[in-house]
Amino acid sequence: MSRGRSDGSQKKRLVAYVFGVAIFLGFIYVYQGTIFGSQNGSSSALEYGSKSLKRLGASYLGAEDDSGSKQDDFSSRIGQGDGEDDIVPKSFPVCDDRHSELIPCLDRHLIYQMRLKLDLSLMEHYERHCPPPERRFNCLIPPPAGYKVPIKWPQSRDEVWKANIPHTHLAHEKSDQNWMTVKGEKISFPGGGTHFHYGADKYIASIANMLNFSKNNLNNEGRLRTVLDVGCGVASFGAYLLSSDIIAMSLAPNDVHQNQIQFALERGIPAYLGVLGTKRLPYPSRSFELAHCSRCRIDWLQRDGILLLELDRLLRPGGYFAYSSPEAYAQDEEDRRIWREMSALVGRMCWTIAAKRDQTVIWQKPLTNECYMEREPGTRPPLCQSDEDPDAVWGVNMEACITPYSEHDNRVQGSGLAPWPARLTTPPPRLADFGFSNEMFVKDTDLWQGRVENYWNLVGPKMSPNTVRNVMDMKANMGSFAAALRGKDVWVMNVVPRDGPNTLKLIYDRGLIGSIHDWCEAYSTYPRTYDLLHAWSVFSDIEKRGCSPVDLLIEMDRLLRPTGFIIIRDKQHVIDFVKKYLTAMHWEAVGTADAGSDSDQDANEVIFAVQKKFWLTSESFRNTE
């Protein structure tokens, strides 16, 4: 009997040993496995374990939670010593596959988990709510199963890979409106919308015709350049404006149509996740010549018209609001009531009807302050206080008041901007707000022209034709990096950091688009959004604020498409820091160059270009075979 018990215990020990070895091998596979597969013929993809979700609060190296403080200290500094004791991970965990579309600051699961008390009627649950540091997902976002290198522009305007955004509910829900259709492995976009079933191009021409613009071209000989499309759907309106040299900021929340902005960006169309809720949109005053809403399901009368007043803040002098909705034409009592109240509200805002036809009305904002001054005392909405900064937007609540024009705009009866494309290189009047001279503007434009040429010499050999479409300049200053890309078939999201000079209005005055952002937080967009990121001194800036450079690396990886590029222009110690993480991030060095004579501010700047490798999780890898 005792002998039998001994054999049993040995078997148990053997089973335990085998089980332990299996767990160990599984750990190695998940965190350091490198199995190669193929994607679209020429694109090779690394494969990583699909169930390696980083446990919140743990260190990057997979240690226990009690080592987190050491990791936090490490990840909040750059280049503090070159010793062998520096802790650099060999790899980052890969987030669970279900997080392939994670937007950290627009994560409804986080809202539920943190039990935030939000007013749903005010759309607060669609506004930004970022996780505290201890709740951040410090892992790399995997692509969805079967992901492919995106279709190139301009073909991407009309079709994308279904596997890249595996959501077809909009094709069924909006089948009668021609938003999108599923065709085999692809999703196609016929150009329809909620109000323009038969094509955005015809709808755009009809708006131009209503306004008596020459040749039914909405750009009005270059005078109408920037557009805000609210509740944009899959952004076909913005897509078809591009051929008229008009660039639209297509805006929609992550709501029941949650993937609409993702489709827009996959198509190569400028778009941003945002909502007209309680906070100002991240754009400066007087940025757009036209705002557009096609059945965008917004209650414009709520809270004393505060949402219309936000549009008023964003429109330039003489700007238009094109509104296509049942209230503009329907005859039932409720729609007629809304129309009467809305007409009265915009009348008190000094808007006038520029045109009204069929189902569309176009209102126009006044050119000067004259109408505001002639209103009866006590008229609502009131004028904003003189000390109210209309360009302060980051985390600033909307106000139910009218923003009057500056003395310059009132005097010149407009913005005084040159028509496009001369607008791009003509010094804008608002330069004076920063004490910048016209000579400084011209010098900056010329400087970045040379810098971009150098960038393309550095990364060009690694780029195939039409590789780059969606570009982000993470610290845009006056927008001269984007201006230097004018001859390339790209669009640029010009980001102005919230803690620096608010030069975003200069960018819009050049006929470009962008947003305010804080790089200590995640950006409001989907993963795999951009083909190229340009980071000029961004790491040095967040280092001064004590924010985590590792968090920024992970966020940049989230933003970047597989095979996409990053160009970092910063101090040498920052470049050295990034180089240490190339293996962990699955990035590949493309080239390094001394900034040399094109660095007018800091002779110590270095240029470093990297490319993101194409890698897949186990599940994605199996789906490509």
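Predicted model: local features only at pLDDT ≥ 70, side-chain atom pairs only at ≥ 80, totals over all residues.
Take E9 and E10 first. E9 covers residues 288-294 and E10 covers residues 315-324. They run parallel, joined by six bridges. If you want a place to look, find Ser-294: Ser-324 in E10 stands opposite.

Next, E11 and E12. These run antiparallel, with five bridges between them. Ala-355 stands opposite Ile-362 in E12. The two strands form a hairpin, and two residues sit between them. In that turn, Asp-358 has a positive phi of about 50°.

What lies on the sheet?

How many of its eleven residues are buried? Eleven of the eleven, so H16 is largely enclosed by the rest of the structure. The buried residues include Val-550, Leu-552, Leu-553, Ile-554 and Met-556. At the start of the helix, look at Ser-548. A side-chain oxygen of Ser-548 reaches to within 3.3 Å of the backbone nitrogen of Val-550.

Helix H17, residues 572-580, comes next. Its buried residues are Val-574, Ile-575, Phe-577 and Val-578. Seen down the axis of H17, they fall within an arc of 160°, so they line one face of the helix. A reminder on helices: an α-helix has 3.6 residues a turn, so residues three or four places apart point the same way. What do the buried residues of H17 pack against? Three helices are on the list: H15, H16 and H18. So are strands E17, E18 and E19.

On to salt bridges. How many are there? The count comes to 30. I'll pick out three.

One is Glu-521 with Arg-128. The closest N and O atoms are 2.8 Å apart. Glu-521 lies in the loop between strands E15 and E16, and Arg-128 in the loop between helix H3 and strand E3, so the pair ties together parts that are 393 residues apart in sequence. Glu-521 is partly exposed, with a relative accessible area of 26%. Arg-128 is partly exposed as well, at 23%.

Another is Glu-310 with Arg-313. Here the N to O distance is 2.8 Å. Both residues lie in helix H8, residues 302-314. They are three residues apart, about one turn of the helix. Buried or exposed? Glu-310 is buried, and so is Arg-313.

Asp-557 forms a salt bridge with Lys-612, and the closest N and O atoms are 3.7 Å apart. Asp-557 lies in helix H16 and Lys-612 in strand E19, so the pair ties together parts that are 55 residues apart in sequence. Asp-557 counts as buried at 0% relative accessibility. Lys-612 is buried too, with a relative accessible area of 5%.

There is also a network. Salt bridges that share partners join Glu-289, Arg-316, Arg-423, Arg-430 and Asp-509.

One more residue, His-125. Where is it found? His-125 is in the loop between H3 and E3. It counts as buried, at 18% relative accessibility; the cut-off is under 20%. Leaving out residues up to four places away in sequence, His-125 touches Arg-108, Ile-111, Leu-118 and Leu-120. His-125 and Ile-111 are 14 residues apart in sequence, and their C-alpha atoms are 7.6 Å apart in space.

That's the tour. Questions are welcome.

Note on methods:
Residues numbered from 1 in each chain as written. Heavy atoms only, no water. Pairing = 2+ DSSP bridges. Helix = DSSP H or I, 4+ residues; strand = E, 2+ residues; numbered from the N terminus. Buried < 20%, exposed > 50% of the residue type's maximum accessible area, 1.4 Å probe, protein only. Polar contact = N/O pair within 3.5 Å; in protein donor to acceptor, adjacent residues only side chain to side chain. Arc of directions from axis to C-beta. Contact = heavy atoms within 4.5 Å. Salt bridge = Lys/Arg side-chain N within 4 Å of Asp/Glu carboxyl O.
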